[in-house]
Amino acid sequence: MSFSHKDWDLTCDNTLTCRAAGYAEYDAEDGATVLLTRQAGRGAPVTNRVMLAHFYDEPWQANPPVELIIAGRAVGTLSVAEDESWQMSDAQLALFLDALKKDKPITFREQGSDYVLSGAGSSAVLLKMDDAQGRVNTASAILRKGKANEASVKSPIAAPVIVRAPVVDQRLRPMTAQEEALIKPELLRILAADSDNSCSDDRLDEPWTIAQLNQHSSVVSAPCWMAAYNGGEAYFVISNDMQSAPEWVSDSGNYYENGVISSGMKGRGVGDCWSYQEWVWDGKEFMESSRGDTGRCRAIRVGGAWDIPEVVSQVVEP
């Protein structure tokens, strides 16, 4: 599930791990972002990461200390975490959450500069996070604590296991003239019959590619659409003799290698936010193995600030 209110977002993935991300107001010059993550289940802690906007700066350095400032008062220095981020201690996190509840101003100070975080929308998002995991009115709730039985707290859901099958061709290759004559007319008929088809005729006129998956099936990539800073290919699974109906995978893929179709799309041209998706060949079909994004477009980092998955899986070799 996903939910947004003002400057905060919530995403709970298919394992019921929830991530709440808060940002500065859209037009803030020096902004911060905080990611709060919690797995489902009793006793699961709330973890945190803090990132300051250094999109146009030199490569990130962990040396300058960062302080948490609540209502103008310094409450300690953050510790260095992974992925160019910082982390609040348990005590600092408790003060931080209390400040959000009471609508106190929160900033992070680095080398004399204050990086602002907005609390607008946090109460609605954190309440929704507690509700999604069954914590409302229990002692483990973030926002609305109570004495309700912890039996209401939902257990984590196991990530689906996908067994990746070996493939014949690890990469796509141009179609031969014979393959084009056999395959393209049928796939073009399918695209023409689909009212939601996003492919343009100009792109479909470009060369198509193919990779053999096994002795029965192949994957075909057809150039589909092009926008200002993104492009998509239409992917199909076909029978090698074209005696059975092709199976549609996606029109937003843009790369194939070794049985995996992947997609990466910019949220805007500067590349400060992305969405991603992957499908893995299991020997019968391409299974969605991951989907998510990097959070809001806030010029925090090149490539985006966070990894916020909607779908996760465990991909294993046979």
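Is Phe 236 buried or exposed? At 0% relative accessibility, Phe 236 counts as buried; that term means under 20% relative accessible area, with exposed over 50% and partly exposed in between (1.4 Å probe, protein chains only).

The model is predicted: local features need pLDDT of at least 70, side-chain atom pairs count only at pLDDT 80 or more, and totals for chains, interfaces and linings use all residues. Residues are numbered from 1 along each chain as its sequence is written, and side-chain values use heavy atoms, with hydrogens and water left out.

Now the rings. A search of the whole structure finds three aromatic pairs. Rings of Phe, Tyr and Trp (its six-membered ring) pair if their centres lie within 6.5 Å; planes under 30 degrees apart count as stacked, over 60 as edge-to-face and the rest as tilted.

One of the pairs joins Phe 55 and Tyr 56. The centres are 4.7 Å apart and the planes stand at 80 degrees, an edge-to-face pair. Phe 55 is buried at 13% relative accessibility. Tyr 56 is exposed at 67%.

Phe 236 pairs with Trp 248. Their planes meet at 75 degrees with centres 5.2 Å apart, so this pair is edge-to-face. Phe 236 belongs to strand β16 (residues 231-239) and Trp 248 to strand β17 (residues 247-253), so the pair ties together parts twelve residues apart in sequence. Strands are DSSP runs (E, at least two residues), numbered from the N terminus. Trp 248 is partly exposed, at 39% relative accessibility.

Charges also meet rings. The charged end of Lys 128 sits over the ring of Phe 3, 5.1 Å from its centre. Here NZ of Lys or CZ of Arg must be within 6 Å of the ring centre and within 35 degrees of the ring normal. Arg 298 lies over the face of Tyr 23, 5.9 Å from the ring centre.

Key
Helix = DSSP H or I, 4+ residues; strand = E, 2+ residues; numbered from the N terminus.
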